[in-house]
Amino acid sequence: MTTIIQDKEWWKKATIYQIYPKSFCDSGNKGTGDIQGIISKLDYLKLLGVDAIWLTPIYDSPMIDNGYDIADYYTVNPDFGTMADFDELLKQAHQRGIRIVMDIVVNHTSTAHQWFQSALGDVNSPYRDFYIWKDPVKGDIPNNWQSKFGGSAWEMDEKTSQYYLHLFAKEQADLNWENPKVREEVKQVISFWAEKGVDGFRLDVINLISKQQDYASDDVGDGRRFYTDGPRVHEYLQEISEAVFQKYGSVTVGEMSSTTLEHCQQYSSNDGKELSMVFNFHHLKADYENGEKWTNAPFDFLQLKQIFNHWQTGLNGKGWGALFWCNHDQPRVVSRLGNDTEYRLESAKMLAASVHMMQGTPYIYQGEEIGMTNPGYTELSQYQDVESTNMYDIMVNHQSTSHDEMIKILAQKSRDNSRTPMQWDTSEFAGFSKGLPWLEVAKNYLDINANQAVDDPNSVFYFYQRLIQLRKEVDVITSGSYVDLFPEHNAIFAYQRKSDKQTLICLNNYYADEVECVLPEHLNVEGARYLLGNYLLGDYLLDKGVGGESSAVSRHQVLKPYETKIILIES
Ligand code: GLC
């Protein structure tokens, strides 16, 4: 049995693995994943070496938004199992030294939640004020705020002729955080799971909980500036943190939609008054044309590097960020920024190294560790995601996008790209389930699957394993400052991490052509050695561990297609 390290800031050297339970592993033949399926894969995760699992919502839910519409915070969705299954998962994970981080969605509840059911149609309900109701303005919607999933953010309650706010689907009603009773309920919910021994929480869209109270129309945008990092958000987080997170020593990661560095410095400040760390998404907008998600544009490489530079230098010493490319809302990174055909292995590893060697806590989304790709769906009927189907309807039926164009956009941008069943082996349905999966398995599972990866020492899986170990062994990865070495280079992303005793260089070629560069004079390459790379397996220390064999590092570097090299200089 492994004991969990009790260091208060254990998460600074940790790597967290995200599980989307519906698509991870089905222990039966339902076609949807479940908690027993997760338990059956804990040894696989132990082999990978991750320190914690972030579970996306497993609570009772009508699943309009796959669990981000919670109907009961205290019950496990029967599709996933029972509370006894969850308790077993917690126990078995802890026995392996793996912590559990739960997803908590408290910006909104499902409209099937009993609070909303009581509030709907009844202005005298004790729960009416749990939600945000507004009268029509001039016989129309209260303002022009848009739902993140398309269309107005307001829905009419016919009985009372008032509208309720929903920043996401109309089945996800926003909670009214101005009401102290809501905040008390939130504390109780989180305490319930913390009492069970859950180690931390991922807080869904948590920077949207405080809305500007005049609910004005936005004459320059979709309303987000009136509720993003809103007026009382820090106060609310401090209140919850003091009552629950600090009491239980929970690790917390806030999902911060369209946030700013200044706010994130405060959310994740070292004083520990709010959260442990933040997710921001700016680097994942480098392939949005004019900030628009529903477009197909190549990614802006220089912009990508500028964004990393801004956040890496801005959070150093002031806060803490999550490092990631993939999650259940993002397409697969190897298809997005890498090359998912000829250089799939190389680019998957290079992309991994380029974020894992930064400061922060890395997150691996299920399947990323084996280089899973977008599935390449060609039919609308293959998509299930509420955002994707809404956007199809808006853009094709109400705007001028053609069906064919939208199918191409969905194949790049849909959230279902990352939600396809986990590819375990070469058996039918990729070993995910014995029944027909709820979402079609990507056709490449015969070549890309976990069994193959575990059997192949050159796989993406073992590269991630090394990255996870390196973070534990090489201090500069956690503590060092960050400098972009070639901010203007149009193919190489190279950065330096530096502390008193160590300098680490991470060199990455983001394209399929060989490129060259010369490392700056200030770096003492004589004392340098390679820690890891994605070519020449064996020459590097992949299986020798840090401190093993060194091979001379030249100042003049040639990088093969999608090559990554991690170099350490110790003084
Ligand atoms: C977050 C979740 C996403 C969900 C949304 C609304 O962005 O990651 O999956 O749809 O919040 O809860």
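Visitor: Which residues line the second largest cavity?
Guide: This is a predicted model, in which local features need pLDDT of at least 70, side-chain atom pairs count only at pLDDT 80 or more, and totals for chains, interfaces and linings use all residues. Residues are numbered from 1 along each chain as its sequence is written, and side-chain values use heavy atoms, with hydrogens and water left out. On a 1 Å grid over the protein atoms alone, a cavity is a set of points where a 1.4 Å probe fits but cannot get out, and lining residues have an atom within 4 Å of a point. The lining of the second largest cavity is made up of C326, R332, V333, V334, A348, L351, A352, E368, G371, M372 and Y464.

Visitor: How much space lies in the second largest cavity?
Guide: Grid points are joined across faces, edges and corners, and a volume is the space filled by probe spheres set on the points. For the second largest cavity, this comes to about 70 Å³.

Visitor: And what is the volume of the largest cavity?
Guide: The structure holds six cavities of 30 Å³ or more. The largest cavity has about 190 Å³.

Visitor: Which element gives the most to the lining of the largest cavity?
Guide: The lining has 17 residues, with N280, W311, Q312, A322 and L323 nearest the cavity's centre. At least two residues come from each of α8 (301-315) and β14 (322-323). With five residues, the most comes from α8.

Visitor: How many charged residues are in the lining of the largest cavity?
Guide: Asp, Glu, Lys and Arg count as charged; Ala, Val, Leu, Ile, Met, Phe, Trp, Tyr, Cys and Pro as nonpolar; the others, Gly among them, as polar. This lining has ten nonpolar and seven polar residues, and the number of charged ones is: no charged residues.

Visitor: Which helix supplies the largest share of the lining of the largest pocket?
Guide: A pocket is an open set of grid points with protein on both sides within 12 Å along at least five of seven lines. The largest pocket has a volume of about 990 Å³. Of its 37 lining residues, K148, R224, Y288, K293 and E387 are closest to its centre. The largest share, four residues, comes from α11.

Visitor: Which space does the ligand take?
Guide: A molecule sits in a cavity or pocket if more than half of its atoms lie within 2 Å of its grid points. The space taken by the ligand is the largest pocket.

Visitor: How far is an N or O atom in the side chain of D65 from an oxygen atom of the ligand?
Guide: A polar contact is a pair of N or O atoms within 3.5 Å. A polar side-chain atom of H108 lies 2.9 Å from a ligand oxygen. For D65, the distance is 2.5 Å.

Key:
Polar contact = N/O pair within 3.5 Å; in protein donor to acceptor, adjacent residues only side chain to side chain.
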